[in-house]
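Here are a few friendly notes to read alongside the structure. Take them one at a time, and find each residue on screen as you go.

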Amino acid sequence: MKKVVLMGVPHHNNLGDNAIAFAEKEFIKEVLPEYNYYEISEETIDKCVYKVIDYIDQDSLIFLHGGGNFGDEYLYVEDGRRKVIELFPENTIILFPQTMFFSETKQGKEELEKSKKIYSKHRKLILLARESVSYELMKKEFPNNKVIQTPDIVTYLSKSDNETKREGLLFILRNDVERVTTDEQTEYVEKIAKKYFSKIDYKDIARGAPILAKDREQKLDEMFSRCRHAQLIITDRLHGMIFAAITSTPCIALKSYNHKITSSKDNFKHLGYIRYIEDVKDVEEQIKYLLNTKFEPYDNEFAKKRFIKVIKEEIKIEWGRHKIYCCN
């Protein structure tokens with residue numbers, strides 16, 4: 001039986017990355033019939049990729065985990081991808097949707113050149129960009145590779161429940177190096193929010209114990225339930241915005257330090273309940289709009305069509321139901 005291998009799956013505590021891994025597996029389960037499924041974690045890729053090299057046939061499909069780590073900020077992840085691409089020159093390799101961000105520093109430019117040299121030699125490498133800025137960058141820097149624009153793979157999921165009673169506001173805010181909202185700006189948003197909500201909840205989706213594969217779905221279900229119970233989400237995280245989208249939860253997205261949100265917001269322009277603001281002074285106007293407007297629930301068909309098209313047209317594989325065997 002043919003094999004499909006997902007490389008670089010995280011076990012850390014970031015629920016956004018874990019949602020990506022979960023959606024990647026769900027996608028593979030649905031669209032790749034008669035393939036055995038295996039995954040290798042981000043943390044063990046250095047050792048495991050050499051151990052499994054003799055078990056991966058030329059007709060095995062390899063997927064690389066998506067997200068926002070295609071660049072020099074998370075170099076250990078990029079190094080793992082480079083190894084896989086070098087070790088399997090004859091296999092079709094698909095990079096799940098990524099945001100590309102190599103810094104303009106000396107190191108960033110050097111690391112980009114390293115990746116360009118390795119990626120360009122692989123004639124069956126397909127790069128998926130999850131927003132327009134990364135799409136243009138990938139086309140420019142990797143002209144020898146096929147580059148396709150899609151949404152983030154988490155949009156493939158649908159986690160709405162119109163029966164759930166909603167109450168209060170949920171903040172999903174960063175507390176790391178990617179944070180750009182100042183303490184004063186956050187305090188201003190909180191002050192405005194208290195005028196409209198008696199219940200305010202806070203959740204950092206990248207804090208807590210590492211998440212193992214066996215616990216991934218449960219942890220995500222808990223988070224999706226939390227989103228479904230909120231009347232409104234305010235977030236500066238891309239996956240805060242995406243979690244809101246797939247649970248049909250009205251959302252105000254604040255700008256991030258790079259183009260993760262500013263460019264990705266175009267994927268949700270058909271969803272009236274996802275609102276993006278550059279200036280926190282606009283938050284009250286958007287709160288009033290979202291609380292007083294009815295919206296259609298989330299429909300993931302737009303995302304499913306995009307990803308199925310990649311399989312059918314680029315890899316020439318028909319899709320359907322199939323059994324899947326998981327080896328973590």
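1. Let us begin with Phe 70, which is buried, since its relative accessible area is 1% and the cut-off for buried is under 20%. Please keep in mind that you are looking at a predicted model.

2. Phe 142 is buried as well, with a relative accessible area of 1%. What does a search of the whole structure find in the way of aromatic pairs? There are 14 of them. In the pair made by Phe 70 and Phe 142, the ring centres are 5.7 Å apart and the planes stand at 35 degrees, so this pair is called tilted. Phe 70 belongs to strand 4 (residues 67-71), while Phe 142 sits in the loop between helix 5 (132-141) and strand 7 (146-149), so the pair ties together parts that are 72 residues apart in sequence.

3. Aromatic residues also gather in a cluster: Phe 27, Phe 63, Phe 96, Tyr 156 and Phe 307 form one. Two of these names, Phe 27 and Phe 307, come back in the next point, where helix 1 meets helix 11.

4. Now turn to helix 1 (residues 15-31) and helix 11 (residues 301-314), whose axes come within 11 Å and cross at roughly 60 degrees. The two helices are therefore oblique to each other, and their crossing is right-handed. Which residues make the contact? From helix 1 come Phe 27, Glu 30 and Val 31, and from helix 11 come Lys 304, Phe 307, Ile 308 and Ile 311. Sorted by type, the residues of this contact are 5 nonpolar, 2 charged and no polar.

5. Next, look for Val 9 in strand 1 (residues 2-9). Is Val 9 buried or exposed? Val 9 is buried, because its relative accessible area is 1%. Leaving aside residues up to four places away in sequence, Val 9 touches Ala 21, Glu 39, Ile 40, Ser 41, Glu 42, Glu 43, His 65 and Arg 216. For a sense of distance, the C-alpha atoms of Val 9 and Tyr 135 are separated by 23 Å, and these two residues are 126 apart along the chain.

6. Most residues other than glycine have a negative phi. Ser 248 is not a glycine, yet its phi is positive, at about 60 degrees. Ser 248 also counts as buried, because its relative accessibility is 12%.

Notes: Residues are numbered from 1 along each chain as its sequence is written. This is a predicted model: local features need pLDDT of at least 70, side-chain atom pairs count only at pLDDT 80 or more; totals for chains, interfaces and linings use all residues. Side-chain values use heavy atoms; hydrogens and water are left out. Buried means under 20% relative accessible area, exposed over 50%, partly exposed in between (1.4 Å probe, protein chains only). Axes are lines fitted to C-alpha atoms, for helices over the stretch in contact, and angles run from 0 to 180 degrees between N-to-C directions. Helices (H or I, at least four residues) and strands (E, at least two) are DSSP runs, numbered from the N terminus. Angles under 35 degrees count as roughly parallel, over 145 as roughly antiparallel, 65 to 115 as roughly perpendicular and the rest as oblique. A crossing is left-handed if the near helix is turned anticlockwise from the far one by less than a right angle, and right-handed if clockwise. Contact means heavy atoms within 4.5 Å. Ala, Val, Leu, Ile, Met, Phe, Trp, Tyr, Cys and Pro count as nonpolar, Asp, Glu, Lys and Arg as charged, and the others, Gly among them, as polar. Rings of Phe, Tyr and Trp (its six-membered ring) pair if their centres lie within 6.5 Å; planes under 30 degrees apart count as stacked, over 60 as edge-to-face and the rest as tilted.
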